[in-house]
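This report is meant for a reader who meets the structure for the first time. It begins with one residue and then widens to the chains and their contact.

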Amino acid sequence: MTPEFDVIIVGSGPAGTSAAYPLVQAGLRVLMVDAASTAAPLSPPQGDYLSNRANDHQQWKWMIGDMFHALNNMDAVSPKLKTPTHRQTFENFNKANGLETENFISVGSLATGGLSNAWGCGVARFPAEDFAELDIYVDLEKSYEIVSRRIGISGNEPDDLSNYFGVDKWSQPSLPIDQLHQRLLTNYNKHRASLPQLGFQMGRSRIAALSQDMDERKACDLSGNCLWGCHNQALYSSEQEISKLKLYPGFSHVSGILVDAISKYADTWTISSSQSARRFSAKRLLLAAGTLASTKLTLKYLQHTAPVALQASPTAAFLLWLPRMLGAKRVPSLGLGQLSFALKLASNVTAFGSTFSTTGLPMSEFVSRVPLSKRYSVDIMANLLSSCVVGNVFLPGHLSKHSVSMVGNEVLHIKGAEHPDTHMLMKQTETLLRKAYWKMGAILMPMSFTVGKPGADIHYAATLPMRSTPEPVTTNRLGEVSGLKGLHIVDGACLPKLTEKSHTLTIMANADRISRALATPPLE
Amino acid sequence: MKLLITGATGYIGERLARLAFREGHTVYSANRKQTDTHYCWLPFDLKKPTLEIPDETRALVHLAADTTHNKNISSETEVQAARELIRNSALTNTKLIFISSQTASPDAPTSYGQTKWRIEQDVIAADGVVIRPGQVYGGYERGLFGVLSSLVRRFPLIPALIPTPLIQPIHVDDLAVAILTVAAREDIRGEILCLGSVRPISFSAFLESIATNRLNVLRIAAPLPVPLITLARAILGKRRTAQLGLDRLLSLLTLKSMSTQTSLQRLGITLRPLAYGMHRSGNGRRRHLLVEGNILLSYLLKSPPDQSLLRRYARAIEALGNGQAILDSKLLPLFPSLLALIDNPSFLCNEQGKALSWRLHLAMTLAEASPQGAVVFLGLKRSGGFLRTFIALGMSVLKEVCWRTLALLTKPLLSNMLIKRKSPRDA
């Protein structure tokens, strides 16, 4: 019996959609499945954020949700997890996938488009050294270009981070930054001579948000709704790809199927779901369900119960105050990273982070952290925050000691554990950042530097890393699981390692690279 | 079932008839005049107590009594009327339910109580059921409850009698449910059921509840020694006393507590808390929640919250919490800013405080997501400028320091004054 498809892709996020293009362009029959429910997601707010806040009596619907989504998730690590517009993005992921956590925050998505529905849009290229042993960088570089041009990124500036990001040649111009960030940048340029001594380099953030129209997507109009949902579709989401992929005759997309088992008979791979009687078969199976879900499917099939290392980036958040800007007026501005920094901590450790405007964020987030009474905390924050920016920082994934292991046949246990050096490195990061920003006229607010719980970064990777000579429970250069012909891992799980940089673009480029390789020789 | 009610236009009768009708029973109203067309009317007068009970009438609820200030009907007439009803109901095999009074006693100070006791004896002998309700309240302001409500409404002081009489309130609708239950239950016959709150409350607490929970007014309790009232009665004479409704008040003084637990358990009825029953809706839960929302939101926004925001708070607590208010204070609704006294880490870390802290956070998130909140949280209408903002920051810190100091000084009093553990006052 010949299978009905050439390739099945599990997952419709950044990895899955990037893997689909080369295959459908080569004329292959491709089936993409995801576990999205059919309910229509809440539409994003129209108009600009500040006028909506001032006038929209229904604003609670998109800020909190009809069913009080935001209040139900008051303990969530990121404001994004509370946003009603993104409810369907995160809903049910852990439960449906049978994930069990211990000292680890696990966030994933069953929605079409996956986590890219709610990502920070940070893009960067991993350096060649990260793939040195694999000898794939020439192909990967080509894929970086293909993907960057397809998703549309902005931030092309000849600044100190140009090389660090390495995506400028495919970028649109930068989006305007707000006056606080402008001030930081001006001061940075003034002290350019002395700051590198701290190992601190700053430049514009490179983000997957449009500064020029692209197809039906409109350029960012600085309406400030980034967190709540962009009505212009200026922010990239893989969900936007589905309609474009459907133009290729070989492409099919089926939603509502949570794949919980894979099987192989002769040369044919079959996916099945316990909630659905439907089964699909293909010659090749590409797992792009997200690092955690793809790892689970693979380990379950392998019946591998020993722990497997999982990398995630230690992360922290902080608040910067620019005293000279006290009393600045609130203006709508970009809600994504505006300026980014790279901070050298040791020979093999660099920290990376970005700073954001506080305007588009819910103030309650900040107020609840002030150790004063709520009434006056609100007062203080209302006066203070218009002269503040928030920042985040990530450390490389090798500074984590997390692991995943199958418990029984249905549960993936995720155990979070800190690397012994992380604590010290975070302290060092805080000190250096405080010094660097001080020179730029900004105060890193005392007590504001908060280290996130393991997993809070939502950068999970390298459980089934690519190796030039694959050992068991690793993958080869094409993400093909050792000993399992035709089963490829194309998402974060197959990255050889996780750096401090935003890893989404690399996952996409790698998926594209693998698919191009698979599409080139005709599948037998 | 078919239910015959005498006195269906009275305080209790009206609510009972309405409840029975709403539950789909056939209601016969035995009265001097026809008043409500929903019910079948049967002419009946205590003075001429002939009554033809329709076939298959399940129960006859005898509520009719002369409660006018100037007794028009002698107690003998009332007893005779009751006997006539007992006879009639025996003929048609109808259960007789007699609504008596807590004052019923052979040696009651009023003829009212004595008459009730005499009728009780006959009813029990005929295998009927006697219900002795405590202080009936709620619903329309009628009966003694009506008198007390209008007193509280009119006078700035409420009397705190010394020694204070104890009463056992029961909401008129809870009583109606109890009567219907007795009518429906085959196994309840030939007994006396005492219905009222298990734990008696002081008369002045009852008046206070009328003031706070029903009328939303602040009333000060003024001590009033009982001998003074006794003196007043002596001076005014019996007739005047009755005209002023004072005799009813006096009957409270000699009231003996009833043990109601067994009767309530027998009927399987839980009485609503007094505070809830006092509210016009008969259900104070949501009102309390709205009051709480008003406190929290006003505290955060520094101005009264929009009605829709208030309702959203109540809805959120109903959807995500237990739907019950936890703030129960008289001061906070008047001065929401006093919340600053307990909104500090040292208070919010205990169990009670954590619940409040959660609600504060919830209120804050809701408050922010409104145009009103946007102005406060984002400072949209502030003129801005370095100096102005700097001063504003300083003022906020100063105010915080003042409240903290005050909180430290008043700490021993705070818990009782501002927050009470929610224990419904009734059974």
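Is A:Tyr49 buried or exposed? In this predicted model, A:Tyr49 has 25 other C-beta atoms within 10 Å, and because a residue counts as buried once 20 or more lie within that distance, A:Tyr49 is buried. The residue belongs to helix α2 of chain A, which covers residues 49–55. Leaving aside residues up to four places away in sequence, A:Tyr49 touches A:Ser223, A:Gly224 and A:Asn225, and also A:Pro332 and A:Gly360. A:His253, by comparison, is 204 residues from A:Tyr49 in sequence, and the C-alpha atoms of these two residues are 34 Å apart in space.

Chain A as a whole contains 15 helices and 21 strands. Its radius of gyration is 22 Å, close to the 24 Å that the globule rule gives for 524 residues, so chain A is as compact as a globular protein of that length. The table collects some overall values for chain A.

| Property of chain A | Value |
|---|---|
| Box filled by the C-alpha atoms, along the principal axes | roughly 70 × 50 × 45 Å |
| Buried residues, of the 524 residues | 57% |
| Contacts joining residues at least 24 apart, among contacts between residues at least 6 apart in sequence | 73% |

The contact between the two chains takes 36 residues from chain A and 38 residues from chain B. On the side of chain A that touches chain B, the elements giving two or more residues are α2, α3 (59–63), α4 (69–72), α12 (364–367) and α13 (374–384) of chain A. Of these, α13(A) gives the most, with nine residues.

In chain B, the axes of helix α4 (residues 143–154) and helix α6 (residues 203–215) come within 10 Å and cross at roughly 75°. Since angles of 65 to 115 degrees count as roughly perpendicular, α4(B) and α6(B) are therefore roughly perpendicular to each other. Their contact is made by B:Leu148, B:Ser149, B:Val152 and B:Arg153 of α4(B), together with B:Leu207, B:Ile210, B:Ala211, B:Arg214 and B:Leu215 of α6(B). The residues of this contact of α4(B) with α6(B) divide into six nonpolar, one polar and two charged.

Notes. Residues numbered from 1 in each chain as written. Chains lettered and ligands numbered in written order. Predicted model: local features only at pLDDT ≥ 70, side-chain atom pairs only at ≥ 80, totals over all residues. Helix = DSSP H or I, 4+ residues; strand = E, 2+ residues; numbered from the N terminus. Rg over C-alpha atoms; globule rule 2.2 N^0.38 Å. Buried ≥ 20, exposed ≤ 12 C-beta atoms within 10 Å, placed from the backbone. Contact = placed C-beta atoms within 7 Å. Axes fitted to C-alpha atoms, helices over the stretch in contact; angles between N-to-C directions. Parallel < 35°, antiparallel > 145°, perpendicular 65-115°, else oblique. Nonpolar A, V, L, I, M, F, W, Y, C, P; charged D, E, K, R; others polar.
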